[in-house]
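Have the model open as you read.

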Amino acid sequence: MSSQRHLLGIRGLSRAEVVSILDQAEVFFEVSRRPVRKVPTLRGKGVINLFFEASTRTRTSFELAGKRLSADVVNISTSTSSVTKGETLLDTVKTLEAMQPDVIVIRHSSSGAPHYVSERVGCSIVNAGDGAHEHPTQALLDAFTIRRAKGTLDKLVVTICGDVLHSRVARSNALLLSLFGCEVRFVGPRTLLPRDVGGYDVKVFDRLEPALEGADVVMVLRIQRERLDGALLPSLREYSKTFGIGPRTLAYAKKDAIVMHPGPMNRGVEIDPSVADGERSSVLDQVEAGVAVRMAVLYQLAGEGGDAHGAAAS
Ligand code: NCD
């Protein structure tokens, strides 16, 4: 990414660029475990988080990431902004740009919104999730978590389960893991699988058991009720019986398989609480990784690796 001004998606990133972000994140991961969790790296820089969709993890971790790097961070949620008065996305972003931030982080329900904006502004844009399209920092933090747990990202079997149709997490992960020769499997009810997976190097299953066979990583997706049109899923109970990850179904994966979920979880729907809280769960490791990975991304865009002159983590 150091050669790029924006982080819009995993598509377009090379394997070396991904590794460089993950290696940088390792340095910042240690910073977050110190008694004083702050470095001066982005002092004098500005980061604006502009979220047009709900978020707990992503927004908070971008905020903490900026603050731990000593940047000035401002959060805008659209329910309290002029968007409610009818301002367009571009006018909102142009207005914020006039205040000279270095990075604007955008989450939006329309696929392509961050790309559209990035062609029209001078500061760096980071995609924090656009529709069902991409969520690059989630895929990066997932890769960071997998690499720490498994010691490598190369040639793993990763099964991504559930509401793949609506999932930007599934798409970004499939792109990233393919760079490392992983076997990526999508599994879910047919109505929640994308009709066309042409642009992704994945195997598609509509039954859970064969999809889990031999998996090193089981990535569970949230049923996105807000994007579901009722017809796609007859009942959540039925779904949980057929596609929920619980002790019985998890037994098909490798014995040392880890279980991931980007959150927020629907406990008892796509994941059984005993698995979510079990010893193979990496859910909270993912959250911790999120801060370090977002620090690395902000650093590469606005710090020494980007246009400006930050000091390295010290
Ligand atoms: C995901 C998202 O918003 O795409 N959540 C997240 O960023 N941690 C997944 C989801 O909402 O299900």
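The largest pocket holds about 440 Å³ of space. A pocket here is an open set of points on a 1 Å grid over the protein atoms alone, where a 1.4 Å probe fits, with protein on both sides within 12 Å along at least five of seven lines. Its volume is the space filled by probe spheres set on the points, which are joined across faces, edges and corners. Keep in mind that this is a predicted model: local features need pLDDT of at least 70, side-chain atom pairs count only at pLDDT 80 or more, and totals for chains, interfaces and linings use all residues. Residues are numbered from 1 along each chain as its sequence is written, and side-chain values use heavy atoms, leaving out hydrogens and water.

**The pocket**
- 27 residues line the largest pocket (lining means an atom within 4 Å of a point), and Arg107, Arg168, Arg222, Gly263 and Pro264 lie nearest its centre.
- The lining splits into seven nonpolar, 12 polar and eight charged residues (Ala, Val, Leu, Ile, Met, Phe, Trp, Tyr, Cys and Pro are nonpolar; Asp, Glu, Lys and Arg are charged; the others, Gly among them, are polar).
- Helix 11 (283-302) gives the most to this lining, with four residues (helices are DSSP runs of H or I, at least four residues, and strands are E runs of at least two, numbered from the N terminus).
- Domain 1 (15-135 + 287-302) and domain 2 (143-282) both contribute lining residues, so the largest pocket lies between them; the bounds come from an automatic or database domain assignment.

**The ligand**
- Residues around the ligand include Arg57, His135, Gln224 and Pro262 (a heavy atom within 4 Å).
- A polar side-chain atom of threonine 58 sits 2.9 Å from a ligand oxygen atom, and an N or O atom in the side chain of arginine 168 is 2.7 Å from an oxygen atom of the ligand.
- The protein covers 94% of the 320 Å² of accessible area that the ligand has on its own (Shrake-Rupley method, 1.4 Å probe).

- Most peptide bonds are trans.
- The bond from glycine 263 to proline 264 is cis, with omega near -5°.
- Proline 264 is in the loop between strand 9 (258-260) and helix 10 (273-276).

Terms used
Polar contact = N/O pair within 3.5 Å; in protein donor to acceptor, adjacent residues only side chain to side chain.
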